[in-house]
Each structure stands twice: as structure tokens, then as C-alpha cells.
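Let's walk through this model together, starting from the inside and working out to where the chains meet. Keep the viewer open as you read.

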Amino acid sequence: METDAHPDRPSPRPTPEEARVALRAAEQARSRIDTIPVPGWYFPALALVIAVLALGQLLPGPATVAVILVALAGLGGLVRVYVNKVGVRARPGRAEGRLVWPPTIGVFLTYAAAAVLDLAYGQTYWWVAAAAIGAAIMLALGALIRRRARTSARA
Amino acid sequence: MSDNPIDGFNATIHASNRLRICALLDAVAEAEFSVVQERLEVSASVLSKHVSVLIDTGYVQQRKAVRDTRQRVWLQLTSAGRAAYRDHVAALRAIVGEAP
């Protein structure tokens, strides 16, 4: 099937069988992205940063702001290191993106609930539970993504 | 553009390795040259040759960045390249007889 066809030089269209083979080759190439192994440190590090974001709320006002800023900077740095390490920047909306959104929303809702309980009832200890839940969600997501990569690599 | 999906057939993209390069790049925002090479199991020279064709036609663009003191090349489909690849896949599906 390999040709050096140029857009200015019309090339004959493939037969249905050739088109089927080409589609299969494209799908296989596409799925090779799913088999890239995720570094083992990535999701535990993410879980740590997520937990620090919640636990920082237990500190006095100015310290909380400092911890949030440091954690957010850490989050950005972590993602940058990950992208450089694996050599791929994901496209939002793709399968992994869809996989990431529900846990992200779960962490957000957990932290929002902890914030409400803190502000409305002064129950600051919920931040500890939120930190544990947020970290657990990240670790579970990591385990899920790593398992998917292993399964795809075997397929 | 025509309503007939088969008109989206693209001779430049259809070459086997170029189709695979476009398919892989369509799945990501951008990927490092060495990752594309490793995932597609092609030599650097073969990949470089096909990427050059795709760059010349405006379907792929490359970005150079330094990591660990080494220069890395990142590849990504342009919006024209992504559209052309998807039209091409739709054309192939139409040829096979699948609904796009």
C-alpha cells in the first residue's frame, strides 16, 4: 500500500478490501498510544499534592494561601514532568480525558463538601477525610489507567 | 466540500506509514518524534521522510524543545491535517461500505 503519492498527482482509490486493511492499520496505530506505560510515581505524587491541597486548609489563613499556591504550582510542574517523561500530550476529550473527568469532579465535590462543613459548622476535621478521599480517588484512577495500558499492550 | 465522503480520499495521507502517523497523532495533542517512532516501529529515517511530506503539505507541524540537554522534536497534526485525516478515514469507511 505504501506510495509516495502527492496531492497534485491523483492516485487510484483503494478497493474495499484495501480500504479495510488501511482502516485496520490506522486503528492499530491509534491504539498504540494506549499502551504507553504510565510512570509508577505519577499518580502517587498527584495523590500527595491533592491531599496537601486539602490539609493546607487546616493551617492559619496566610499559610493556607501559601500551601494552595505551592500545591497548584506543584500540580502544574508534575503534569509538565509527566508529559516530558512519556513524550505525549493528551488531547482533551479522548478516552483518557473522559476517564479523568469523573474522578476530578469527585475530588472537587468532596472538597466543596468539606468547605461547606468547615464554613457552616466549623467542622475543620472534614478536611482530613477529604484529603484521604481525594488521594484515594487519584490512586484508584492511577491503578485503573495503568491496568488499561497493560491490557491494551497485551491485546 | 462535497457531500460524498469518498471525495475526502487523500492520496498523501493514504500511504501506509503516513496514514499510521496521522492516526497516532490524531489521538493526541502532540507526541515526541522518538515516541512516534517507537510506537509505530519504524526507523528514524523512514519516519523523518514521511513527516517531511506531511509538513510540506501543511498537515503536520513540529516544535523543537530541549530536555535533559538534548533537543527533542514534538509533532502535532495541524487543524488542516486533522480535518484531512478524518475526511480520509470517512472516505475509507465509505469505500468499505460502512456508515461514516
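A nonpolar core here is a set of buried Ala, Val, Leu, Ile, Met, Phe, Trp, Tyr and Cys residues joined through side-chain atoms within 4.5 Å. Keep in mind that what you see is a predicted model. With that in hand, look at the largest nonpolar core, which has 64 residues. The residues with the most contacts inside this core are Val88(A), Tyr111(A), Leu25(B), Val36(B) and Tyr85(B). Helix H2 of chain A, residues 42-55, gives the largest share of the core, 9 residues.

How far can you trust chain A? The average pLDDT of chain A is 86, and 88% of its residues score at least 70. Residues 1-10 of chain A, however, have a pLDDT below 50, although in the model this stretch has 25 contacts beyond near neighbours in sequence.

Now turn to the place where the two chains meet. On one side 37 residues of chain A are in contact with 38 residues of chain B. Together the two chains bury about 3,100 Å² between them, and 59% of that is on carbon and sulfur atoms. The interface also has a polar side: the rule finds 7 residue pairs in polar contact across it, both residues at pLDDT 80 or more. On the side of chain A that touches chain B, the elements giving two or more residues are helix H1 (16-31), helix H3 (61-86) and strand S1 (88-90). The largest share of that side, 9 residues, comes from H1(A).

Charged pairs come next. Side chains of opposite charge can pair when their charged atoms come close. Over all chains, a search of the whole structure finds 10 salt bridges, and 4 salt bridges are found across the interface of chain A and chain B. One salt bridge joins the side chains of Glu41(B) and Arg32(A), at 3.8 Å from N to O.

Another pairs the side chains of Arg89(A) and Glu30(B), at 3.1 Å from N to O. Why does this pair join two chains? Because Arg89(A) lies in strand S1 of chain A, while Glu30(B) lies in strand S1 of chain B, residues 28-32.

Finally, follow Asp26(B). The side chains of Arg30(A) and Asp26(B) meet in a salt bridge of 2.8 Å, N to O. This pair crosses between chains, from helix H1 of chain A to helix H2 of chain B, residues 16-26. Both Arg30(A) and Asp26(B) are buried.

Asp26(B) also forms a salt bridge with Arg82(B) through their side chains, at 3.1 Å from N to O. Here distant parts of the chain are linked: Asp26(B) is in helix H2 of chain B and Arg82(B) in helix H5 of chain B (residues 79-96), 56 residues apart. Asp26(B) has a relative accessibility of 2%, and Arg82(B) is buried too, with a relative accessible area of 15%. Through salt bridges that share partners, Arg30(A), Asp26(B), Arg82(B) and Arg86(B) are joined into one network.

Note on methods
Residues numbered from 1 in each chain as written. Chains lettered and ligands numbered in written order. Heavy atoms only, no water. pLDDT = per-residue confidence, 0-100. Contact = heavy atoms within 4.5 Å. Buried < 20%, exposed > 50% of the residue type's maximum accessible area, 1.4 Å probe, protein only. Helix = DSSP H or I, 4+ residues; strand = E, 2+ residues; numbered from the N terminus. Buried area = accessible area lost by both parts, 1.4 Å probe. Polar contact = N/O pair within 3.5 Å; in protein donor to acceptor, adjacent residues only side chain to side chain.
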